Structure formats: structure tokens, C-alpha cells
Amino acid sequence: MLDRSEYLKNFMQEFEYPAEASHALLKTYYAILENSDAYAIFEQMLRLYESDLVFDYGGWVKMMPRVSKACNEPSETVDLVFVLCLSEHLRELYLRRGLDIQIYKDSCLDFKVKLM
């Protein structure tokens, strides 16, 4: 089982998420980890994105309600945790392609705006 909690903690610290929000997002992530059905779906979708194959955005949108239901966490929170987890590979893609990392950071700030 791959535990992405340290990445999430570092991401939320880097982008200065409020403590209450960080706690709620990590609580949801741990609920996903603890539920084998939720984790299997969640991790499968992340690994698909990380494989650099064509990623079907609509496909993951349809799958996240199943994750939410399985771990009994709000769907909006599960969605945001998923997007934050996607950001790890996204950073890698920016660096690999020589794109300005500030564009990545600006994009990730949008996640915080949506949270607020």
C-alpha cells in the first residue's frame, strides 16, 4: 500500500493550507487508506494518471463517488484529496518538460482557492 500522506502534508504546508483544512483533508485520506474498496479505486485512478497514458478526466469523476461512499467521507473532500494527490505527478511533468515551476505553483494555488 502506497501512503501518500507525507506528500499531502508537505503540499498543504507549502501552499499554507489552514490547519483545520489540512486536518480534514488528511482525515479523509486516512479513511480512504483504511477502506480496501475505496483505496483500490482511488489508487488505481492515481496510477493511471501517473502512467502518462491518456487520462480520462470524466472517468475519475465517475469513480470518486464510489470512493466517497465506501469510506463514508464527503465527495467534495474526496475529490480535492484526489486532485492534491495528482499534483505530485503534475509537478514531475512540469519539471520533465522544462516548464516554469511558477506556472505549476499558480495552478496549485487554484486548489486552495476552491477549498476556501
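This is a predicted model: local features need pLDDT of at least 70, side-chain atom pairs count only at pLDDT 80 or more; totals for chains, interfaces and linings use all residues.
Visitor: Is Glu-16 buried or exposed?
Guide: A residue counts as exposed when its relative accessible area is over 50%. Glu-16 has 62% relative accessibility, so the residue counts as exposed.

Visitor: What is the phi of Glu-16?
Guide: Most residues other than glycine have a negative phi. Glu-16 is not a glycine, yet its phi is positive, at about 55°.

Visitor: Which loop holds Asn-72, and what is the phi of Asn-72?
Guide: Asn-72 is placed in the loop between helix 4 and helix 5. With a relative accessible area of 68%, Asn-72 is exposed. Although Asn-72 is not a glycine, its phi is positive, at about 55°.

Visitor: How many helices and strands are there in the chain?
Guide: Read along the sequence, the pattern is α-α-α-α-α-α. The count for the chain is therefore 6 helices and 0 strands.

Visitor: What radius of gyration does the chain have, and what would a compact globule have?
Guide: The C-alpha trace spans about 40 × 35 × 25 Å along its principal axes. For 116 residues, a compact globule would have a radius of gyration near 13 Å. The value for the chain agrees with this, at 14 Å.

Visitor: Which residues have the most contacts inside the largest nonpolar core?
Guide: Of the 116 residues of the chain, 43% count as buried. The largest nonpolar core has 37 residues, and those with the most contacts inside it are Phe-11, Phe-42, Met-64, Val-67 and Leu-84.

Visitor: With which residues is Phe-11 in contact, leaving aside its neighbours within four places in sequence?
Guide: Phe-11 is among the residues with the most contacts inside the largest nonpolar core. Beyond its neighbours within four places in sequence, Phe-11 is in contact with Tyr-17, Leu-84, Ser-87, Tyr-104, Cys-108 and Phe-111.

Visitor: Which residues does Lys-9 touch, not counting those up to four places away in sequence?
Guide: Lys-9 has its place in helix 1, and at 33% relative accessibility it counts as partly exposed. Not counting residues up to four places away in sequence, Lys-9 touches Leu-26 and Tyr-30.

Visitor: Is Ser-22 buried or exposed, and with which residues is Ser-22 in contact?
Guide: Ser-22 lies in helix 2. Buried means under 20% relative accessible area, and at 14% Ser-22 therefore counts as buried. Leaving aside neighbours within four places in sequence, its contacts are Met-12 and Tyr-17.

Visitor: How far apart in space are Asp-3 and Leu-33, C-alpha to C-alpha?
Guide: Asp-3 lies in the segment before helix 1 and is partly exposed, with a relative accessible area of 44%. Not counting residues up to four places away in sequence, Asp-3 touches Tyr-29 and Leu-33. Asp-3 and Leu-33 are 30 residues apart in sequence, while their C-alpha to C-alpha distance is 7.6 Å.

Visitor: How far apart in space are Arg-66 and Phe-42, C-alpha to C-alpha?
Guide: Arg-66 is found in helix 4 and is partly exposed, with a relative accessible area of 47%. Arg-66 and Phe-42 are 24 residues apart in sequence, and from C-alpha to C-alpha the distance is 9.3 Å.

Visitor: How far apart are the centres of the positive and negative side chains?
Guide: The accessible surface of the chain comes to about 6800 Å², of which 55% belongs to carbon and sulfur atoms. The chain has 13 positive and 19 negative side chains, and the centres of the two sets are separated by 3 Å.

Terms used. Residues are numbered from 1 along each chain as its sequence is written. Side-chain values use heavy atoms; hydrogens and water are left out. A nonpolar core is a set of buried Ala, Val, Leu, Ile, Met, Phe, Trp, Tyr and Cys residues joined through side-chain atoms within 4.5 Å. Buried means under 20% relative accessible area, exposed over 50%, partly exposed in between (1.4 Å probe, protein chains only). Contact means heavy atoms within 4.5 Å. Helices (H or I, at least four residues) and strands (E, at least two) are DSSP runs, numbered from the N terminus. The radius of gyration is taken over C-alpha atoms; the globule rule is 2.2 Å times the number of residues to the power 0.38. Accessible areas come from the Shrake-Rupley method with a 1.4 Å probe; for residues, only the protein chains shown count as cover. Lys and Arg count as positive and Asp and Glu as negative; His and the chain ends are not counted. The place of a charge is taken as NZ of Lys, CZ of Arg, CG of Asp or CD of Glu.
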